[in-house]
Amino acid sequence: MKLAFNIIDWQASAPGLSEHDDWLAWGKDAASIDIAAPLAKSRHLPMMTARRLASGSRLAVDCALALLSRQPVDALVFASRHGELERNFRILSALAQQEALSPTDFAMSVHNSAVGNTTIAAQQALVCSSVAAGFDSFSQALIEVAALHHAGYQRVMLVDFDGLLPEFYHPHLPEEVVDIPFAVGLLLQAGSQMQCETTPGQKPGAQALPQGLAFLHAWLSDKQSFTLPGERLRWCWSRH
């Protein structure tokens, strides 16, 4: 499989990292994030909307709105390994304790709530989709982006994100899961600036960064080539 894109613009947020200069410095340093560092406040989300969103969704929507505020966008693709797990855990806990369900939790529990809230907050009726594909959610979402490019949508925004995972699930998580709330937004156009080819490969090792963050770190480091591990494939990138 081969993919190729031009990166028009980007936006990202994670604990202790929100400004472009902070991310650029992080790209030149070790690929580590201090989970104890504070998250930046939402800058583009209405306060009431921000309060309704879980941690990962809030970062994702805010990043998307930041990009939409400065760039024309034809379509959206959101990718998340765990989606609204925080909110779904609250629903399951309420059911187990025979308590009434929160209408907000119920309405916002679906995987596409982040991308849906983006179009509502931006007041733009954009073509959009939401992808969940395990550890490879970011890379599989790039295939969705390529399909949209092929269908004629020239500027497609990809937002890869996840939120904090409820402690209940921690003993059952695969070893490669890193519990970091983050969002990485890329505005992508068909082109040859960044090219990817897949090869067979082993599963990622323990505590590998989510693919979206790993891609951003390698890209910001100006590496000419780098490889992202996947569950069944290695995603081999080169810069042209």
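A search of the whole structure finds one cavity of 30 Å³ or more. The structure examined here is a predicted model. The largest cavity holds about 180 Å³ of space.

Twenty residues, written as 20 in the count, line the largest cavity, and those nearest its centre are R81, H82, D162, F182 and P210. Three elements, α7 (137-150), β4 (155-162) and α8 (211-220), each contribute at least two residues to the lining of the largest cavity. Sorted by class, this lining comprises nine nonpolar, six polar and five charged residues.

## Helix α8 and its packing partners

Two packed helices are described by the angle between their axes and the distance between the axes. Helices α7 and α8, which both supply residues to the lining of the largest cavity, pack at an angle of about 80 degrees, and their axes are 7 Å apart. The two helices, α7 and α8, are therefore roughly perpendicular to each other. On the α7 side, the contact involves S137, F138 and S139, which meet Q211, G212 and F215 of α8. The residues of this contact between α7 and α8 comprise two nonpolar, four polar and no charged.

Helix α8 also packs against helix α1 (residues 20-27): the axes of α1 and α8 come within 7 Å and cross at roughly 80 degrees. Helices α1 and α8 are therefore roughly perpendicular to each other. From α1, the residues W23, L24, W26 and G27 make the contact, and from α8 the residues L213, L216, H217 and L220. By class, the contact of α1 with α8 has six nonpolar, two polar and no charged residues.

## The eight-stranded sheet

Eight strands form an open sheet with mixed pairing, in the order β3-β2-β4-β5-β1-β6-β8-β7.

Helix α3 (residues 55-70) lies across β1 (2-13), β2 (75-79), β4 and β5 (182-190), and runs at about 100 degrees to β1. Helix α6 (residues 113-122) also packs on the sheet, where it touches β2, β3 and β4. The direction of α6 makes about 150 degrees with that of β2.

## The largest pocket

The largest pocket contains about 200 Å³ of space. Its lining consists of 17 residues, and Q11, A12, S18, R43 and D62 lie nearest the centre of the pocket.

Both β1 and α3 supply at least two residues of the lining of the largest pocket. The largest share, six residues, comes from α3, the helix that lies across β1, β2, β4 and β5. By class, the lining of the largest pocket divides into five nonpolar, six polar and six charged residues.

How values were computed
Residues are numbered from 1 along each chain as its sequence is written. This is a predicted model: local features need pLDDT of at least 70, side-chain atom pairs count only at pLDDT 80 or more; totals for chains, interfaces and linings use all residues. Side-chain values use heavy atoms; hydrogens and water are left out. On a 1 Å grid over the protein atoms alone, a cavity is a set of points where a 1.4 Å probe fits but cannot get out, and a pocket is an open set with protein on both sides within 12 Å along at least five of seven lines; lining residues have an atom within 4 Å of a point. Grid points are joined across faces, edges and corners, and a volume is the space filled by probe spheres set on the points. Helices (H or I, at least four residues) and strands (E, at least two) are DSSP runs, numbered from the N terminus. Ala, Val, Leu, Ile, Met, Phe, Trp, Tyr, Cys and Pro count as nonpolar, Asp, Glu, Lys and Arg as charged, and the others, Gly among them, as polar. Axes are lines fitted to C-alpha atoms, for helices over the stretch in contact, and angles run from 0 to 180 degrees between N-to-C directions. Angles under 35 degrees count as roughly parallel, over 145 as roughly antiparallel, 65 to 115 as roughly perpendicular and the rest as oblique. Contact means heavy atoms within 4.5 Å. Two strands pair if DSSP finds at least two bridges between them.
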